[in-house]
Amino acid sequence: MSRSDISSEHERERERESPLECTDCLDPADAFALVSNETRLSILEALWMADEQPVSFSELRREVGMRDSAQFNYHLQKLTGHFVRQDEEGYAFKHAGEKIVRSVIAGSFTEDPSIEPFPVAGECYACGGDLEASYADERLAIDCTDCGHGHGEYAFPPGGLNDRTREEVAAAFDQRVKHLHCLAADGVCPECNGRMRSRIVEESGDCCLGVGLRVDHECAQCDYTLCSAVGLRLLDHPAVVGFHRDRGVSLAERPYWTLPWCVSDEYTTLTERDPLRLEVRISLAGDELRVTLDENLDVLETRVADA
């Protein structure tokens with residue numbers, strides 16, 4: 001399926017009847033214009049710093065430090081409805097307003113940090129070499145220092161580097177990747193909570209892992225994308241978790257890049273095309289768990305065999 005086909009599918013999704021009717025929708029350009037003002041950003045910051053919400057008009061104006069009440073009210077009303085809600089007790093965040101402040105705190109809009117590459121736990125599944133994490137353009141990547149094979153490259157907001165050792169950065173990245181892909185595979189966009197579509201791809205290309213047989217996730221609402229090996233979908237599946245637990249391994253404590261079936265397509269086989277069926281093989285302690293999935297990444301069958 002080409003990108004144009006995906007876009008057409010997304011357009012059809014948007015045209016389907018929705019349980020929500022947007023009566024006061026805000027164009028993205030207008031949304032950016034509303035918050036591209038120092039006073040309005042100060043209002044959002046004051047709400048964030050408040051001990052409790054709602055915050056009264058007078059208290060909010062005092063925290064912002066603006067003497068002109070009419071001018072302050074003008075800017076506050078520009079935010080009210082889309083980013084801030086108002087009731088009898090005062091003003092409080094709506095989700096969009098919180099998202100803006102969190103993005104600033106995360107460093108998405110204000111920072112461009114750098115960090116020297118550092119070693120991480122595990123070894124390359126392809127050659128057994130050492131693994132190294134590197135950070136650039138707000139993305140963290142795990143690569144082999146010997147053969148250069150990639151073990152995943154994903155967005156990691158700059159705020160995630162603050163007040164963490166390199167080991168803690170690696171652990172936080174691992175948890176973030178697992179969380180993002182679990183949501184995406186369950187059909188929920190990690191960015192906007194829109195409908196996430198997943199499709200099986202059989203082609204090499206510009207993928208975070210450099211694998212051919214993989215899963216591409218794309219949001220029908222905001223176009224957020226993720227890619228992964230098929231096995232990454234199984235990290236929280238009860239049968240997979242239990243298979244490892246029974247053999248003394250806690251998947252929650254194992255970085256995803258140390259699990260070959262999560263970073264390679266070598267352990268995934270396309271067994272049928274109509275209907276589409278995939279099999280992921282997971283070897284441990286002389287046994288092999290074989291997991292059959294359908295095109296929606298739903299697990300159809302699990303069985304244990306001798307490795």
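Among contacts in the protein chain (heavy atoms within 4.5 Å) between residues at least 6 apart in sequence, 46% join residues at least 24 apart. This is a predicted model, in which local features need pLDDT of at least 70 and side-chain atom pairs count only at pLDDT 80 or more, while totals for chains, interfaces and linings use all residues. Residues are numbered from 1 along each chain as its sequence is written, and side-chain values use heavy atoms, with hydrogens and water left out.

**Whole chain.** Colour by secondary structure to see nine helices and 13 strands; helices (H or I, at least four residues) and strands (E, at least two) are DSSP runs, numbered from the N terminus. Of the 307 residues in the protein chain, 41% are buried, where buried means under 20% relative accessible area, exposed over 50% and partly exposed in between (1.4 Å probe, protein chains only). Switch to the surface: the accessible area is about 17200 Å², and 44% of it belongs to carbon and sulfur atoms. Accessible areas come from the Shrake-Rupley method with a 1.4 Å probe; for residues, only the protein chains shown count as cover.

**Tyr125.** Select Tyr125, in the loop between β3 (118-123) and β4 (130-136). Leaving out residues up to four places away in sequence, Tyr125 touches His149, His151, Pro260, Val263, Ser264 and Glu266. The side chains of Tyr125 and His149 are joined by a polar contact of 2.8 Å. A polar contact is a pair of N or O atoms within 3.5 Å; within protein, one must be able to donate a hydrogen and the other to accept it, and residues adjacent in sequence count only if both atoms are side-chain atoms.

**Arg233.** Next, go to the loop between β9 (225-228) and α8 (238-245), where Arg233 is found. Arg233 is buried, at 15% relative accessible area. Its side chain makes a polar contact of 3.1 Å with the side chain of Asp186. Beyond residues up to four places away in sequence, Arg233 touches Ala185, Asp186, Leu293 and Leu297.

**The cavity lining.** Finally, select His181, Ala185, Val215, His217, Ser228, Ala229, Leu232, Arg233 and Leu297, which line the largest cavity. A cavity is a set of points on a 1 Å grid over the protein atoms alone where a 1.4 Å probe fits but cannot get out, and lining residues have an atom within 4 Å of a point. α7 (166-185) and β8 (213-219) each supply at least two residues of this lining.

Technical notes:
On a 1 Å grid over the protein atoms alone, a cavity is a set of points where a 1.4 Å probe fits but cannot get out, and a pocket is an open set with protein on both sides within 12 Å along at least five of seven lines; lining residues have an atom within 4 Å of a point.
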